[in-house]
Amino acid sequence: SVTHELKSPIASMKLYLQTLTRRQVPREQESDFYQYMLEDVERLDQLINHMLEVGRVERGTAQREIREVDLGELLTHCAETVCLRYRVPIDTIDLQLSPCLINGSKVDLEMVFRNLMDNAVKYGGQDPKVTVKMEMLPGDRVAVMVSDNGPGIPKAMRRKIFGRFVRLGMELEREKLGTG
């Protein structure tokens, strides 16, 4: 799965570059090719950063800067990033937030919530609908719920998804990109 995710954007960029060097393409198509290649580079960058962070966490060498984080701002940023990635309207993710400052690792929180929203949009079908609801709880606690209109995860598989790079289903039959 991870190898495929690394090789796919490289193969895509190679194809675009070969086309640009071997053929004369209209200016508009050339511009599109450059945009697609930038997206592929971004995908590779995110994947490599994710793999490096997983390695640091597993080795216990991850540097966690614990500081005050505006959770509403962080969730808004994650939603905007995901909507931009999938080219869906920003209102695809309905944010129901309250002002909330928490102490935590901004990098870790962003990785978790962006992954949840990413999966919600990715597996939400043709018209994904995602709700991110923040609820203040007693004892200075907060809960964040992410819900969507996707198919869900079978109950028997729910524990398994927390393993490193775990994806459900058969690798060669996948329609969606990702590393688990």
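Analyst: One definition comes before the rest. A crossing is right-handed if the near helix is turned clockwise from the far one by less than a right angle, and left-handed if anticlockwise. Note also that this is a predicted model.

User: Which hand does the crossing of H3 and H4 have?

Analyst: H3 passes H4 in a right-handed crossing. The contact draws on Leu71, Leu74, Leu75, His77, Cys78, Ala79, Thr81, Val82, Arg85 and Tyr86 of H3. From H4 come Lys106, Leu109, Glu110, Phe113, Arg114, Met117, Asp118, Val121 and Lys122.

User: What kinds of residue make up the contact of H3 with H4?

Analyst: They divide into 11 nonpolar, 2 polar and 6 charged.

User: What makes Asp108 a buried residue?

Analyst: Asp108 lies in helix H4. Its relative accessibility is 18%. Buried means under 20%, so Asp108 counts as buried. Leaving aside neighbours within four places in sequence, Asp108 is in contact with Glu53 and Arg64. Glu53 is itself among the buried residues of H2.

User: Why is Arg114 called partly exposed?

Analyst: Arg114 is also found in H4, with a relative accessible area of 28%. Buried needs under 20% and exposed over 50%. Arg114 falls in between, so it is partly exposed.

User: Which residues does Arg114 touch, not counting those up to four places away in sequence?

Analyst: Arg114 touches Cys78, Thr81 and Val82. The C-alpha atoms of Arg114 and Cys78 are separated by 5.1 Å. Along the chain, the two are 36 residues apart.

User: How do you know that Thr19 is buried?

Analyst: Thr19 sits in helix H1, residues 2–22. Its relative accessibility is 16%. The cut-off for buried is under 20%, so Thr19 qualifies. Beyond four places in sequence, Thr19 touches Val25 and Phe33. Phe33 is one of the buried residues of H2.

User: How do the spans of H2 and H4 compare with what is expected at 1.5 Å a residue?

Analyst: H2, residues 27–59, has 33 residues and reaches 48 Å from its first C-alpha to its last. That is close to the 48 Å expected. H4 has 17 residues and reaches 23 Å, close to its expected 24 Å.

User: What follows H2?

Analyst: Gly60 follows H2, and its phi is positive, near 80°.

User: What makes the phi of Arg87 and of Asp140 worth a remark?

Analyst: Most residues other than glycine have a negative phi. Arg87 has a positive phi near 55° and is not a glycine. Asp140 is not a glycine either, and its phi is positive, about 55°.

User: Where do Arg87 and Asp140 lie?

Analyst: Arg87 lies in the loop between H3 and strand S2. Asp140 is in the loop between strands S4 and S5.

User: Why are Arg87 and Asp140 called exposed?

Analyst: Exposed means over 50% relative accessible area. Arg87 has 54%, so it is exposed. Asp140 has 84%, so Asp140 is exposed too.

Notes. Residues are numbered from 1 along each chain as its sequence is written. This is a predicted model: local features need pLDDT of at least 70, side-chain atom pairs count only at pLDDT 80 or more; totals for chains, interfaces and linings use all residues. Side-chain values use heavy atoms; hydrogens and water are left out. Helices (H or I, at least four residues) and strands (E, at least two) are DSSP runs, numbered from the N terminus. The expected span of a helix is 1.5 Å times one less than its number of residues. Buried means under 20% relative accessible area, exposed over 50%, partly exposed in between (1.4 Å probe, protein chains only). Contact means heavy atoms within 4.5 Å. Ala, Val, Leu, Ile, Met, Phe, Trp, Tyr, Cys and Pro count as nonpolar, Asp, Glu, Lys and Arg as charged, and the others, Gly among them, as polar.
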